[in-house]
Amino acid sequence: MKTAVLDADVIAYIASAEADNYQDVDWGEGVTTNDGGAAKAKDVATLMVNQWAEYAKCDEVYLAFSGQGWNFRRDVHPHYKANRTGEKPKLYEPVVEWMQSQWQWEAHEILEGDDVIGMLVTTPGEHYVGVSTDKDLKTLPGRIVHITRDGPKYIMQSEVEANRWWMMQALMGDSVDGYKGAPGIGVKAATTMLQGVNSLGNMWHKVVEAYGRQYIKPAQKKKFVSRSPMQEALMNARCSRILRHGDYNKETEEVRLWAL
């Protein structure tokens with residue numbers, strides 16, 4: 001039986017944002033309630049969970065949440081998500097608590113929800129389908145449903161394809177998450193560079209070469225955070241890697257940082 005592993009952070013955010021559109025009811029003496037908003041949030045969350053599970057063609061549902069601790073990637077890259085304000089809709093936390101009371105879920109203090117999805121989807125012998133609005137799930141081998149504005153996109157990603165997407169991400173960076181990749185390398189250059197390369201070792205060689213070429217350019221070198229192109233490349237590869245099975249020890253709560 002297949003189980004849909006849903007990006008519950010996204011669902012909780014959308015549901016609680018919908019609730020914020022409802023006006024608080026002022027009962028006097030400083031007492032306000034937003035019962036209509038809370039009910040709306042539950043309805044939206046339920047609808048999304050059921051709809052995403054249907055997209056994945058799964059009867060079982062498992063929710064993946066981000067942990068509330070210091071994300072391990074912030075120790076890898078000094079600017080990782082440094083631009084995030086942390087502000088969420090008022091009912092975000094209550095919605096999360098309610099969702100966790102309704103469905104099976106998993107979270108780990110130093111990991112993101114994507115990492116939970118990644119570890120489950122890549123578990124040998126298991127049948128999980130990852131579902132998210134985040135295109136970064138394409139860096140995972142396995143069954144993925146990418147929710148887009150045009151509807152769900154079904155992806156059965158091989159390990160080679162997943163590694164290529166991951167190495168492309170390591171090259172391009174992600175400005176939203178605060179890591180910049182190799183300065184001056186965009187999607188077109190990254191695609192051309194890795195096209196037809198199937199070995200992860202060869203992909204990694206191409207990535208390190210690209211960082212090296214940019215490092216010797218004075219205008220680009222000043223954008224580097226690390227002291228060498230190899231260190232810069234490794235830092236970005238570790239930030240862009242969604243954890244897979246075996247990358248995290250649940251007993252010791254330690255991440256095994258990637259190295260070729």
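User: Thanks! Let's start with β6: over how many bridges does it pair with strand β7?
Analyst: There are 4 bridges between β6 and β7 (residues 142–148), and the pairing is parallel. Keep in mind that this is a predicted model.

User: Which residue in β7 does Ser132 stand opposite?
Analyst: That would be His146.

User: And how does strand β1 run relative to β6, parallel or antiparallel?
Analyst: Parallel: β1 (residues 3–7) is joined to β6 by 4 bridges. As one example, Thr3 has Tyr128 of β6 as its bridge partner.

User: Why is β6 described as largely enclosed?
Analyst: Because 5 of its 5 residues, 128–132, are buried, the rest of the structure largely encloses this strand. Both faces are covered, with Tyr128, Gly130 and Ser132 buried on one side and Val129 and Val131 buried on the other.

User: Nice. Switching topic, where is Arg244 found?
Analyst: Arg244 is in the loop that links α10 (229–240) to β9 (248–249).

User: Is that residue buried or exposed?
Analyst: Arg244 is buried, yet without a salt bridge.

User: Which side chain of opposite charge is nearest, then?
Analyst: Glu159, at 4.3 Å. A salt bridge needs the charged atoms within 4 Å.

User: So what lies 2.9 Å from a polar atom of the Arg244 side chain?
Analyst: The backbone oxygen of Thr139 does.

User: What else does Arg244 touch?
Analyst: Leaving out residues up to four places away in sequence, its contacts include Gly118, Met119, Leu140, Pro141, Asn163 and Trp166. Thr139 and Glu159 are also among them.

Conventions. Residues numbered from 1 in each chain as written. Predicted model: local features only at pLDDT ≥ 70, side-chain atom pairs only at ≥ 80, totals over all residues. Heavy atoms only, no water. Helix = DSSP H or I, 4+ residues; strand = E, 2+ residues; numbered from the N terminus. Buried < 20%, exposed > 50% of the residue type's maximum accessible area, 1.4 Å probe, protein only. Lys, Arg positive; Asp, Glu negative; His and termini not counted. Polar contact = N/O pair within 3.5 Å; in protein donor to acceptor, adjacent residues only side chain to side chain. Contact = heavy atoms within 4.5 Å. Pairing = 2+ DSSP bridges.
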